[in-house]
Amino acid sequence: MLTTTAYGLAIALNLMCLLIGARFLLVPRPAAAGYGVPAKEHSVYLTIKGLRDGTYGLLGLALLAFAGARAEAWFMLVVALLPLGDTLIVLRNGGTKAVAFGIHFATAVLILLTAALLFAL
């Protein structure tokens with residue numbers, strides 16, 4: 001049960017990174033609005049965010065498939081810094097607390113929980 005939960009959460013989070021990355025690449029302005037800080041125009045930074053998130057999703061899936069749960073756990077532990085940083089970015093740039101904490105901070109907590117479950121295997 002623990003193994004299924006840990007792997008399931010890790011796979012789901014990595015797939016969500018891929019989805020978010022694809023969204024920023026394909027429809028950057030709506031993706032930025034969903035992030036919590038709307039973009040007034042298309043910026044290269046939206047493309048960079050799409051590539052960053054997509055790459056992290058692919059890397060996480062590759063680690064899980066080829067290196068195992070422990071490597072994925074360390075990866076998740078480090079990657080949790082990104083949504084924590086996103087929380088601060090949203091708060092500092094006029095985004096709502098609901099988005100900052102309800103999306104970004106909650107994501108960081110879920111990533112840390114997943115890392116803990118993977119370490120427990």
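**Close-up views of a predicted helical model**

At 26% relative accessibility, F119 counts as partly exposed (buried is under 20% relative accessible area, exposed over 50%, partly exposed in between, with a 1.4 Å probe and protein chains only). This is a predicted model, in which local features need pLDDT of at least 70 and side-chain atom pairs count only at pLDDT 80 or more, while totals for chains, interfaces and linings use all residues. Residues are numbered from 1 along each chain as its sequence is written, and side-chain values use heavy atoms, leaving out hydrogens and water.

**View 1. W74 and F119 form an edge-to-face aromatic pair.** Their centres are 5.0 Å apart, with 85° between the planes (rings of Phe, Tyr and Trp, the last by its six-membered ring, pair if their centres lie within 6.5 Å; planes under 30 degrees apart are stacked, over 60 edge-to-face, the rest tilted). W74 lies in helix α4 and F119 in helix α6, so the pair ties together parts 45 residues apart in sequence (helices are DSSP runs of H or I, at least four residues, numbered from the N terminus). W74 is partly exposed too, at 48%.

**View 2. Y56 and F75 make a tilted pair.** Here the ring centres lie 6.2 Å apart and the planes meet at 40°. Y56 sits in helix α3 and F75 in helix α4, 19 residues apart. Y56 is partly exposed at 28%, whereas F75 is buried at 11%.

**View 3. A10 and its surroundings.** Leaving aside neighbours within four places in sequence, A10 is in contact (heavy atoms within 4.5 Å) with L64, E72, M76, T114 and L118.

Methods
Helix = DSSP H or I, 4+ residues; strand = E, 2+ residues; numbered from the N terminus.
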